[in-house]
Amino acid sequence: YRNAGGWYNGELQYYSGERAENARIENGVLVIEARHERLESAPDFGGQNYTSARLMTHGETIWTYGFFEVRAKLPCGRGTWPAIWTLAYEDGQGWPHDGEIDIMENIGYEPGRVHATVHTGAFNHQRGNSRSASTQLPDVCNTFHRYQMHWTEDRITIGVDDRAIYRYKRDESLGRPAWPFDSPQYLLLNIAIGGWGGNHGIDDTIFPVRMEIDYVRVYQAPHEAPES
């Protein structure tokens, strides 16, 4: 239904199901591929000119706290919006009140800049006060990097290659609107087209583009957070 109705944030992709053109294992690496094409034969087609995939662990594996590491190589090109992120498994009050953690986002018109963001009821992009930080990695399109999150009972630290780029601390005085992160979350990997990534238009000459994921690892034993 979401494909037919259109995705959030003004995104322009059709997220396909079990379709090798958009998600597959290739030479031992998970490939998520966005393509410039129209799937007019799909029953939930919504007029999109692009296809892609969103993979998630919802219904399979969820976690409360832990150290997350995703070794990935990002797509490049104006209009792309790849992301590695988590959402609350139980939809209690809905988004953003149940919490979202963006371990990595990249927008194609800012080559090499990766963003780390936390959304809560008190702090989110609809209010214009999301808690976030970014760093510049000049080789994200042709080099694998380790995108990391250390999530504990009182702090979320997000980093790249063992270097912290953002820390979000629990503030007991603000309560759940600022810290809904004591409940399970599930992991998502996707390439969106348009939306935030399309603020400067879409370069149709770049397609197909891919995000390659070498591995996803989650540790729930004690693990050191990335150093600053």
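This is a predicted model: local features need pLDDT of at least 70, side-chain atom pairs count only at pLDDT 80 or more; totals for chains, interfaces and linings use all residues.
The structure holds 1 disulfide. The disulfide joins Cys 76 to Cys 141, with an S to S distance of 1.5 Å. Its two ends come from distant parts of the chain, 65 residues apart: Cys 76 sits in the loop between β6 (66-73) and β7, while Cys 141 belongs to the loop between β10 (131-136) and β11 (145-151). As for handedness, the torsion about the S-S bond of Cys 76 and Cys 141 comes out at about -110 degrees, so the disulfide is left-handed.

Next comes the open sheet. Here 6 strands line up in the order β5-β14-β7-β8-β9-β10, with antiparallel pairing. At the edges are β5 and β10, each of which pairs on one side only. Going from one strand to the next, the twist averages 15 degrees. Within this sheet, β7 and β8 are antiparallel partners held over 5 bridges, and Ile 84 stands opposite Met 104 in β8. In a regular strand, side chains alternate between the two faces of the sheet.

Several of these sheet strands turn up again around the largest pocket. That pocket holds about 910 Å³ of space. Its lining takes in 35 residues, and those lying nearest the centre are Tyr 8, Trp 85, Leu 87, Trp 95 and Glu 100. At least two lining residues come from each of β5 (54-56), β7 (80-88), β8 (100-106), β9 (113-119) and β14 (185-193). Of the contributors, β7 gives the largest share, 5 residues.

Of its 8 residues, 6 are buried, so β3 is largely enclosed by the rest of the structure. Several pairings involve this strand. One is with strand β2 (residues 23-26), which runs antiparallel to β3 and is joined to it by 4 bridges; in this pairing Glu 26 stands opposite Val 29 in β3. The two strands make a hairpin with 2 residues between them, and there Asn 27 takes a positive phi near 55 degrees.

Another partner of β3 is strand β15 (residues 209-219), again in the antiparallel sense, this time over 5 bridges. Leu 30 faces Ile 213 of β15 across this pairing, the two standing opposite each other. Strand β4 (residues 50-52) also runs antiparallel to β3, and 2 bridges join the pair. Here the bridge partner of Arg 35 is Thr 51 in β4. Put together, β3 pairs with β2, with β15 and with β4, in keeping with a strand that is largely enclosed by the rest of the structure.

Methods. Residues are numbered from 1 along each chain as its sequence is written. Side-chain values use heavy atoms; hydrogens and water are left out. On a 1 Å grid over the protein atoms alone, a cavity is a set of points where a 1.4 Å probe fits but cannot get out, and a pocket is an open set with protein on both sides within 12 Å along at least five of seven lines; lining residues have an atom within 4 Å of a point. Grid points are joined across faces, edges and corners, and a volume is the space filled by probe spheres set on the points. A disulfide is a pair of cysteine sulfur atoms within 2.5 Å. Two strands pair if DSSP finds at least two bridges between them. Axes are lines fitted to C-alpha atoms, for helices over the stretch in contact, and angles run from 0 to 180 degrees between N-to-C directions. Buried means under 20% relative accessible area, exposed over 50%, partly exposed in between (1.4 Å probe, protein chains only).
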